[in-house]
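Please look over the structure shown here before reading the questions and answers that follow.

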Amino acid sequence: MRSTFHGLETARRGMFTQQTALQTTGHNIANANTPGYSRQRVNFVQTEPYPAASMNRPQIPGQMGTGVAAGSVQRVREGFLDTQFRTENNKFGHWETKSNALKKMEDILNEPSDTGLSKTMDRFWQSLQDLAVHPQDEGARSVVLQRGIALSDTFNHMSTSLDNIRKDMGFQADVTVKEINSIIDKINDINIQISEVEPHGYLPNDLYDKRDSLVDQLSGLINIKVERVQTADPSLIDLNFNPDGKYKIHLLDDKGASLGLLVNADTNTITAINSVYDKTTNELTALTFGTNNLLSGSEKTQGKLQALRDAYQETYPNMIKNLDDLAHKYIQAFNAKHSSGVGLDGAASGNFFDPGTPIGAAKNMKVILSDVKKIAAASSGGKNGDGSNALNLADVRDDVNFQSVFEGYIGSMAVDAQKAEGMSTNSIVLLDSVDKRRQSISGVSLDEEMTNMIQYQHAYNAAARNITVVDEMLDKIINGMGVGGR
């Protein structure tokens, strides 16, 4: 025979379950503007029907429902969109950093402009043309000397500025490594906390959100893959209780192959990326992950760290080398023709620029001739008023293809900068698109929560009314029956 109080218990379960749903809705509303928060829902499940199948079951028409229970409080999250977001975030972190590095290079080279290297070379070339016309004019000679110094200063400034930015990229890489190591250490700590909660049958949703937020940050810095390791009893896992488990995080190369584990969920340990930045020389001397040398370029990953490494090791050093090659060729050719001519005194004048060495030629370029009368405007054995060698000096610009070579450097840099900027723009568009889709699922909609609140409130009130009705029925049975004939 069924219990007299069956209806009371069913209604009580309904009240408590709707109350849980209302409290969860309130939690969602309170965290509507909390960064990284995923909305939560109560998974309603039917309780076991009565009676259970058995030999001594009561003879009633069929099994009767016994109410509802809150199976679990689960966050609403789409794992596929998380993976897609992190992939796009990694690309954006890489290309944005690369684009910023190239923009800084463009600012230093400053071409085309009235203060760039091309314009400075044009002014020097023009002063030599003027000297060829007025070889006896000390004013024209003084202009040549000053324009030569200006050309040297421009080379010096560009090379020094590029090297300073290069060193800054190395420092940023070192800071980024520290940020990465801090993040993976926090993820490992959260893994441990989660593993202490899940075996008890609970879903630590707030810890999940905090960990996923850290993983999102990490994905912009390096290329990673997340692998789940379950900590709960597999027999307990179902649609209502599906824990995320611990995260095992791999560092991937640019081809998607694993270079090793940053976070090892099996042993609750991390493998930090190691960087060594010499503050005396301002040089990044080491960047390793286990046995992988990330600084040499033998192993490449993707993300902000790789873009900083590329700028430090390749992009800026290559441009500095290009300037050194150009400066050295120009110095050698100019000095050779200057040494073959004579000054106003008819004597050979020697070198105009310090010959220097191929390495550091742009940074160390300087004019060593101080007497304007020594500028070799005349050819050896030339007559008074001869300015033929000044024309030869002016022709050096074309002899070494200065303009076309330098324009080639600038053009190549501009193409790389345009590509990086385009990829950065495309990446942020895709990233925003994925994030909007993710927010449409995981984000808190106040309109939706208000609708749910009304729905749960009505269900709660109905369950309470049900208890009142059952109570009145029981009151009639207890106090109104068996009073006949009194």
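**Questions on a predicted model**

Q: Which strands are the edge strands of the open sheet of 3 strands?
A: In this predicted model, the open sheet of 3 strands runs in the order E7-E8-E9, with antiparallel pairing.

Q: Which residue in E9 is the bridge partner of Thr 288?
A: Strand E8, which covers residues 283–289, pairs with E9 in the antiparallel sense over 2 bridges. The bridge partner of Thr 288 in E9 is Asn 293.

Q: Is Asn 28 buried or exposed?
A: Asn 28 lies in helix H1, which spans residues 6–30, and, leaving aside its neighbours within four places in sequence, Asn 28 is in contact with Tyr 37, Arg 39, Gln 40, Val 444 and Glu 449. The relative accessible area of Asn 28 is 1%. Because a residue under 20% relative accessible area is classed as buried, Asn 28 counts as buried.

Q: What is the relative accessible area of Asn 205?
A: Asn 205 belongs to helix H5, residues 205–221. Apart from neighbours within four places in sequence, the residues in contact with Asn 205 are Gln 40, Val 73, Gln 74 and Arg 75. Asn 205 is classed as buried, and its relative accessible area is 5%.

Q: Is Ile 478 buried or exposed?
A: Ile 478 is found in helix H10, residues 446–480, and together with Ile 477 and Met 481 it forms a nonpolar patch on the surface, with about 320 Å² of accessible area together. Ile 478 has 60% relative accessibility, so it counts as exposed.

Q: Why are Asp 163 and Lys 167 separated by about one helical turn?
A: Asp 163 forms a salt bridge with Lys 167, with the closest N and O atoms 3.5 Å apart, and both Asp 163 and Lys 167 are buried. The two residues lie in helix H4 (residues 138–197), and they are separated by about one helical turn because they are 4 residues apart.

Q: How many residues apart are Lys 337 and Asp 399?
A: Lys 337 and Asp 399 form a salt bridge whose closest N and O atoms are 2.6 Å apart. This pair links distant parts of the chain, since Lys 337 is in helix H6 (residues 304–339) and Asp 399 is in helix H8 (residues 388–399), and the separation is 62 residues.

Technical notes. Residues numbered from 1 in each chain as written. Predicted model: local features only at pLDDT ≥ 70, side-chain atom pairs only at ≥ 80, totals over all residues. Heavy atoms only, no water. Buried < 20%, exposed > 50% of the residue type's maximum accessible area, 1.4 Å probe, protein only. Contact = heavy atoms within 4.5 Å. Pairing = 2+ DSSP bridges. Patch = residues over 30% accessible without salt bridge, like charges linked within 9 Å, V, L, I, M, F, W, Y side chains within 5 Å. Areas by Shrake-Rupley, 256 points an atom, 1.4 Å probe, with all protein chains shown as cover. Salt bridge = Lys/Arg side-chain N within 4 Å of Asp/Glu carboxyl O.
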